[in-house]
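I opened this notebook to record what I looked up, one topic at a time. The sequence and the structure come before the entries.

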Amino acid sequence: MGDRQIPGRLLESLKSWAVALLAVLPLLVVYLWSAGQVQEQEFRTTAQLNAFECVGSSEPCVPVWVLRPEPYMEGSLVRFRVIGTRPSGKVSREKDAKLPRWAHDLAVEAWQSRKGAVRWVSKPGHSAIRTAVFMDDTVHVGQAPVRGQYPDVPWEHLLVLFVFSLFMLLLPPRPVPVIMSFVAFFYLANGMFGYRADAEPDWIYSFSHIYEGTDTALVVVWFLTAAISLFISISYALNRFKGWCRTLKEHRIAYTYVLPAILGMGILVLVPFAFGVTLGFFNHCKGDYTFVGLRNFWEILSGGGASITNPLNFWFTLGVTLMWTFLNVLLHVSIGLGLALLLKNPLLKMRSVYRVLLILPWAMPNYITALMWKGMFQQQYGAVNILLDKLGLGGVSWFSSFWTAFTANVVTNTWLGFPFMMVVSLGALQSIPTSLYEAADVDGASSWQKFWNITLPLLRPALFPAIVMGSIWTFNMFNVIYLVSGGEPGGSTDILITEAYQWAFKRGERYGLAAAYAVLIFIILLLYSWFAQKLTEQKLD
Amino acid sequence: MSRWKTILIHGFLIFFTAMTLYPVLLVVRKSVTPGDNFERSLSPIPSRVTLDHYSEVIGSRDFNGRPLFWRIVLNSVVLSLATTLVGMFLASTSAYAFSRLRFPGRRMGLMMFLVVQMFPATLIMIPLYVILDKLGLLDSLVGLVLVYSTTAIPFCVWTLKGYFDTIPREIEEAAWIDGATRFQMFWRIVIPLSRPALAVTALFSFMTAWNEYILAETFLSRETSYTLPVMLQHYVGTHSTQWGKFAAGAVLVSIPVMALFYILQKHLVSGLTAGGVKG
């Protein structure tokens, strides 16, 4: 028995080792690639700086043309005249004709940027940096040789990795998770301390400036690799990976049915979502994105320097949003339920006529509703003000103070939203068996008692999800706020979603800040629905 | 029921119905009265009647002199129908799996469809713009169809799943014994039996596409690829306030979707609440 077990176990461990190596291999490739990229980037930066100094110094190390832009221009074209060469300093007309095309192009670039320009030339066995420097209205162009050691494969890193792997062989069976977590850590640490422009030994500084100055693509690759290896390591550790493959096979029919929807959602909702969340950690300025860590979130949560009564303050907007959601849902449910209770009675005349007319707001496109009500609240010609005038109350300038503008928004949204609650309540009411009411009648219950003890408890399972859904919709009700009050006066009636929109498209394209806002909205709603779910579970038990 | 109580109930209902109808009547009034501003009057009956606004909206032309309105109507119709078809296909298949089959990840998937509804559209807009740009689908209806159908899916999945749950499994089991495949059970039994829920979800997908304007306005830049909401929005945009044309356009845009809504509204109650009531 024992003899047969030993080769089996050996085979098993060999197999798990093969899997581990196969898993590590792509990681190594990614590592080599990214390390090479970083080193090359560093090398290029230093070489370029050297070339710049070389050409720009008063005693240049290479022959340099000195060019002056011609006084006339054709469109955006600039012409240069050679006024000298350095270091010889001799002016010669013959040089004029010999000025190569690349020197001219580079000079234009340098002149336009008012600083300088560099270009790499690489030929086998020879590479150079062509540089143009802009100094006192002249452009100095030269071709400096590349100095310094070209980056090599980081053999010592690989050696460390392999020695570590060999060392792992001595450890008991499941080596994969350990290796994977090691690699994951390695990648993260790499980004944190490995390739920073200025190496600060201060840990706190390092944490607050993680990945600063590093190429964004590299950061993404590092993060992805770390995430993937962590994922694999954890799943191995939980001994799930094989199980997953098995369940995938077992339930392939179910997965086939779900796949199209998941795929569509994945590409068009989840990927943009992940992208958007990532954007929350960046700052956008004129097409450039820079990584700023949690600074956007800090700016929002600390109020961005605005006092709590200032509409730009996050907490102010949050308060308005919560009030807006609560009031609307309250009005929707009470009006909807009230009408449903009246319409429930099958003996009521013209019941279906009322029902058909009352769901009209639901059928109307809601942007039309919003614009229509904006017209109704218009100061001079709006129906609301005319009515107030006729009643002798005098017109109100609806959008010039917070409470009136807020009221206008709430009225619009109430008009828009009560039919949904009415229809849901009607459906739920119809499903309550009449025998319950008959039994209550026999016992001599009042109609209030019947409502409180029969109708409400039986309504809850249908009404509760509708309320949760409705409050999420109201929380994100962009159209009404944006089209009716537009945040007037002074952005005070903006809710979180319109505030985010304002930051992205109205106040200087701060995409990063807007994305951070959106992430916060998402977190709030997630907490809310989680809480609501806990509440229903308790109620149902 | 006492006489007074009946009168009270009717009075109450009439009041609410009037409140509901009045703003709509004002828009209709505006659409047939000349001029671009509202007049100072509360009566929903117009003092003078003209169809100028309608003929202006319908007769609008693009830069090349081709009829613009019908082009835009065609865009919206194609967009909404395609969204409905794609959305219904995606939602019904996955809702069926969620309702009938037990598989690992089912709970998580359902949760995901719930959570996805909380993503604010503004968060998704910028990345979507980039993605559609990369795919070359910007300024095209195909891109919008994909976006709309995926945003409509979560609601459709939940509604359909709730309804599928109420259909007794015994019917399918009988079919299984008679040798039906999984797909036949889905296509021949469950789908025909859940007509109300399908009608409701189709209606919502259609309305999503027909009524949406923020994404459409952001993604579409050529006048000939506009949808109806974008066109309407431009009548009362930042640069012009042509309330007359807006009102006429609003009436024209609302009529088809309201007709559809009223045709399908008898399914609304059963389709929407079947899942919830059961619990």
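**Entry 1: salt bridges.** I began with the term itself: a salt bridge is a side-chain nitrogen of Lys or Arg within 4 Å of a carboxyl oxygen of Asp or Glu. I noted that the model is a predicted one. Side chains of opposite charge can pair when their charged atoms come close. Lys450(A) counts as buried because its relative accessibility is 18%, and the cut-off for buried is under 20%. Asp441(A), at a relative accessible area of 44%, is partly exposed.

**Entry 2: salt bridges in chain B.** I turned to Glu172(B), whose side chain meets that of Arg100(B) in a salt bridge of 2.5 Å, N to O. This pair links distant parts of the chain, as Glu172(B) lies in helix H7 (residues 169–177) of chain B and Arg100(B) in helix H3 of chain B, 72 residues apart. I recorded both Glu172(B) and Arg100(B) as buried.

I then looked up Asp165(B) and Lys161(B), whose side chains form a salt bridge at 3.0 Å, N to O. About one helical turn separates Asp165(B) and Lys161(B), because they are four residues apart in helix H6 (residues 141–166) of chain B. Asp165(B) is partly exposed at 24% relative accessible area, whereas Lys161(B) counts as buried at 13%. How many salt bridges does a search of the whole structure find over all chains? I wrote down four.

**Entry 3: the interface.** Helix H1 (residues 3–32) of chain B gives the most to the side of chain B that touches chain A, namely 15 residues. By class, I noted 66 nonpolar, 16 polar and five charged residues on that side of chain B. In contact are 87 residues of chain B and 89 residues of chain A. The two chains bury about 7900 Å² between them, 81% of it on carbon and sulfur atoms.

**Entry 4: Phe69(B).** I located Phe69(B) in helix H3 (residues 68–100) of chain B. Is Phe69(B) buried or exposed? I found a relative accessible area of 5%, so Phe69(B) is buried. Leaving aside residues up to four places away in sequence, Phe69(B) touches residues including Val57(B), Leu228(B) and Leu252(B).

Key
Residues are numbered from 1 along each chain as its sequence is written. Chains are lettered from A and ligands numbered from 1 in the order in which they are written. This is a predicted model: local features need pLDDT of at least 70, side-chain atom pairs count only at pLDDT 80 or more; totals for chains, interfaces and linings use all residues. Side-chain values use heavy atoms; hydrogens and water are left out. Contact means heavy atoms within 4.5 Å. Buried area is the accessible area (1.4 Å probe) that two parts lose on being put together, summed over both. Helices (H or I, at least four residues) and strands (E, at least two) are DSSP runs, numbered from the N terminus. Ala, Val, Leu, Ile, Met, Phe, Trp, Tyr, Cys and Pro count as nonpolar, Asp, Glu, Lys and Arg as charged, and the others, Gly among them, as polar. Buried means under 20% relative accessible area, exposed over 50%, partly exposed in between (1.4 Å probe, protein chains only).
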